[in-house]
Amino acid sequence: MKKLWIGMFSAALLFAACNSAPENKGTDAGNTNAAAHNHEHGAVADVPMVQQAEATIAGTYPDTVVNGTAKFVAGENGTVRLELSISAPSRAGKTVAVHLHEHGDCGEHGNASHGHWNPAGKSHGKWGSDQGFHSGDIGNVTLDAQGNGTLAMETDLWTLGGSADKNILGRALIVHGGEDDYTTQPTGNAGNRIGCGVIQ
Ligand SMILES: [Cu+2]
Ligand SMILES: [Zn+2]
């Protein structure tokens, strides 16, 4: 099944390579080709659209083990689904913040990724808050007794490619050592950047 799915992805890449229009066909094998033409053709994409992307998360400090994977899959109707899995044994039983940061550079203990990705110029906050939130404010993940945690979400604020106000390709997914208080500006006071991966 996995191989089949990868094959479909390859086919999607080939399609994208010979047709510059974004392809919004979902991963459901039952989709008809007609569904691929429901997307908007108006805007010229800054970055070619892809159907899936991934960030491999690694520790940014030699003495703090952090591993993880963030898988992003484009859905129908312009949404992106994230399935995140992280492991940070030193934070077992604690809650850690996860954000998308602006630059896809994990250097300088994650600080080279700069601030939270905030294309809409909003205040930092809890995802979905009426008071506003950054497009990168994924939020907190509670880790179990082994330091493992997962998060899944789906949003229409992100795209895999496309215009800079929505494209998350080339941005960094940061795992912090502490919890996001959803209040402190503009960071949430979430502590050091102990894990990082670039979305590609
Ligand atoms: Cu952050
Ligand atoms: Zn933020």
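Reader: What is the order of the strands in the open sheet?

Author: This is a predicted model, and in it eight strands form an open sheet in the order β5-β4-β7-β8-β1-β2-β3-β6, with antiparallel pairing.

Reader: Why are β5 and β6 said to stand at the edges?

Author: β5 and β6 (148-155) each have a single partner strand, so one side of each is left without a neighbour in the sheet. As for how the strands sit against each other, neighbours in this sheet are turned by 20° on average, direction ignored.

Reader: How do you know that β4 and β5 pair?

Author: Pairing takes at least two bridges between two strands. β4 and β5 have four bridges, in the antiparallel sense, so they pass that cut-off. You can find one spot to look at: Val 96 stands opposite Val 141 in β5.

Reader: What about β1, which strands does it pair with?

Author: Ala 53 stands opposite Phe 72 in β2. With β8 (residues 193-198), β1 has two bridges, also antiparallel. The cut-off is at least two, so that still counts as pairing. In β8, Cys 196 is the bridge partner of Ala 58.

Reader: What makes one face of β1 covered, and which residues are on it?

Author: I can tell you which residues go where. On the covered face of β1 (residues 52-59) are Ala 53, Ala 55, Ile 57 and Gly 59. The uncovered face has Gln 52, Glu 54, Thr 56 and Ala 58. See how the numbers skip? In a regular strand, side chains alternate between the two faces of the sheet.

Reader: Why is Val 96 called buried?

Author: Count its neighbours: Val 96 has 24 C-beta neighbours inside 10 Å. Buried means 20 or more, so Val 96 counts as buried. Val 96 lies in β4 (residues 95-101). Leaving out residues up to four places away in sequence, Val 96 touches several others, among them Ala 88, Asn 140, Leu 143 and Gly 177.

Reader: How far apart are Val 96 and His 176, in sequence and in space?

Author: They are 80 residues apart in sequence, yet 5.7 Å apart in space, C-alpha to C-alpha. For the protein chain, take contacts between residues at least 6 apart in sequence: 61% of these join residues at least 24 apart.

Reader: Glu 108 and Asn 189: buried, exposed or partly exposed, and how do you know?

Author: Glu 108 has 10 other C-beta atoms within 10 Å, so Glu 108 is exposed, as the cut-off there is 12 or fewer. Asn 189 has 15, which falls between the two cut-offs, so Asn 189 is partly exposed. Of the 200 residues of the protein chain, 36% count as buried.

Reader: What makes the backbone of Glu 108 and Asn 189 worth a look?

Author: Most residues other than glycine have a negative phi. Glu 108, in the loop between β4 and β5 (139-142), has a phi near 55°, a positive value, and is not a glycine. Asn 189, in the loop between β7 and β8, isn't a glycine either, and its phi is positive, about 50°.

Reader: Where is there a cis peptide bond?

Author: Look from Gln 185 to Pro 186: that bond is cis, with omega near -10°. Pro 186 lies in the loop between β7 (172-176) and β8.

Methods. Residues numbered from 1 in each chain as written. Chains lettered and ligands numbered in written order. Predicted model: local features only at pLDDT ≥ 70, side-chain atom pairs only at ≥ 80, totals over all residues. Contact = placed C-beta atoms within 7 Å. Axes fitted to C-alpha atoms, helices over the stretch in contact; angles between N-to-C directions.
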